[in-house]
Amino acid sequence: MKANEILSNGSRRAFLQLSAVATAAAAFRIATEASLAAEDRKVFHPGAVVIDANENPLGPCDAARKAIVDMAPQGGRYSYWLAEEFVKTFTEMEGLKPEYVRVFPGSSEPLHFSVLAFTSPAKSYVTADPGYEAGMKAAKISGARIVKTPLTKTYAHDIKAMLAAAPDAGLFYVCTPNNPTGTLTPHSDIEQLLAAKPKGSVVLVDEAYIHFSDGVSVLDLVKADRDVVVLRTFSKIYGMAGIRCGMAIARPDLLAKLENFSGWSAMPITALAAATASLKHEHLVSDRKKLNAEIRQKTFDWLGSHGYSYVPSQSNCFMLDTKRPAKEVIDAMAARNVYIGRIWPVWPTYTRITIGTQQEMETFQEAFDAVMSNAKTVSFARPSSPASSRGSRFYADGQNWPNA
Ligand code: PLP
């Protein structure tokens, strides 16, 4: 073999190795609410009100904090059985079989792995717009066509439009309550989607915010062995975003496809201890749901009485009408040490607001009123169909553009 052939074979091998490494690296570039919020964030100043990442200001409950402290001395061991104990606690509460649940450090990973497992250049990824963006980032890695459909007039996922737009669908992503709007997609709509979807496709139902709402979970559809994967996280009502625990709940053959990407890496045992203690807490969900709803309602009352419009939400976040490019308002609020966001390009004059503590929401109100009084309103071109008379909180015309 000539020297240049040896060189070119070596280079080709090196190139193939490098590109395999690059592909693997891309496959594990997982987007999370934290990374998405951080893309827009500036450095926080002391005393900042941070309501831009759907975090829970309460943090873990007391029982979870104690469980973390009690578990810490055992931190030198992997203690795999704690994952089994956690799964046992959850499945007994929900009437599921243990093999239907897989625990992860948060639900971002199973979201990402579901997209990699069920989409490809031939199998598209179907989602709502505005909707949670992490899955779209994963779909770029799998090379899938990304199909975005507007929400309905009641801000639910438009199941009919999703089906019509993607006869080649590999995965339908339904986030309910939706991030960022905090609006529900009815259980019956998800059943319709399952009944009419293309053969072999899967429905991924993200229930990250379900505990804040009166929405009905679709865990019954998992129990019925349908083609559905449900995601749950401890980052929202349980206040454990920084502790990291989440789940994928599905038929074992669907979970096995996710495990092709995730393997069997050990969970942090402090996260398992805190999550198990949180599940066993009798009033945590009901107390925090009530508190969030009260602060949210007070915020809505204040907005309504000051002439501002918003999309009514059942979650710990909502979309607020800024009546001008929302970026301007976000920047002006940041200058007042109140961090809000993000923006979804399809609604450029709206920004997402997370429900913080009552005190944080009062600081937000003061800053928002000052910012809105200082700025001039500009008007934006809307889709051509006529505005309806349904009131400021509903779509003008079902064209995915809230009435200003
Ligand atoms: N799904 C939705 C809709 C979210 O908003 C988030 C985070 O904000 C996640 C999943 C993932 O959260 P985590 O990885 O913290 O569990």
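In this predicted model, helix H6 spans residues 134–142, and its buried residues include Ala134, Gly135, Met136, Ala138, Ala139 and Ser142. Directly after H6 comes Gly143, whose phi is positive at about 80°.

Several contacts can be followed atom by atom. A polar atom in the side chain of Thr233 sits 2.5 Å from an oxygen atom of the ligand. For Ser107, it is a backbone N or O atom that lies 2.7 Å from a ligand oxygen. The side chain of Asn179 also takes part, with an N or O atom 2.9 Å from an oxygen atom of the ligand. On its own, the ligand has 400 Å² of accessible area, and the protein covers 97% of that area.

Strand E11 (residues 350–354) shows what an enclosed strand looks like. Five of its five residues are buried, so E11 is largely enclosed by the rest of the structure. This holds for both faces: Tyr350, Arg352 and Thr354 are buried on one side, and Thr351 and Ile353 are buried on the other. The partner strand E9 (residues 317–321) pairs with E11 in the antiparallel sense, over five bridges. Within this pairing, Met319 stands opposite Arg352 of E11.

As a rule, most residues other than glycine have a negative phi, and most peptide bonds are trans. In the loop between strand E10 (338–340) and E11 lies Arg342, and the peptide bond from Gly341 to Arg342 is cis, with omega near 15°.

Arg244 is one of them, with a phi of about 80°; Arg244 belongs to the loop between strand E7 (228–233) and strand E8 (246–249). Its relative accessibility is 27%, so Arg244 counts as partly exposed. Lys323 has a positive phi of about 60° and is likewise not a glycine. The loop between E9 and helix H13 (326–335) is where Lys323 is found. With a relative accessible area of 24%, Lys323 is partly exposed.

How values were computed
Residues numbered from 1 in each chain as written. Predicted model: local features only at pLDDT ≥ 70, side-chain atom pairs only at ≥ 80, totals over all residues. Heavy atoms only, no water. Buried < 20%, exposed > 50% of the residue type's maximum accessible area, 1.4 Å probe, protein only. Helix = DSSP H or I, 4+ residues; strand = E, 2+ residues; numbered from the N terminus. Polar contact = N/O pair within 3.5 Å; in protein donor to acceptor, adjacent residues only side chain to side chain. Areas by Shrake-Rupley, 256 points an atom, 1.4 Å probe, with all protein chains shown as cover. Pairing = 2+ DSSP bridges.
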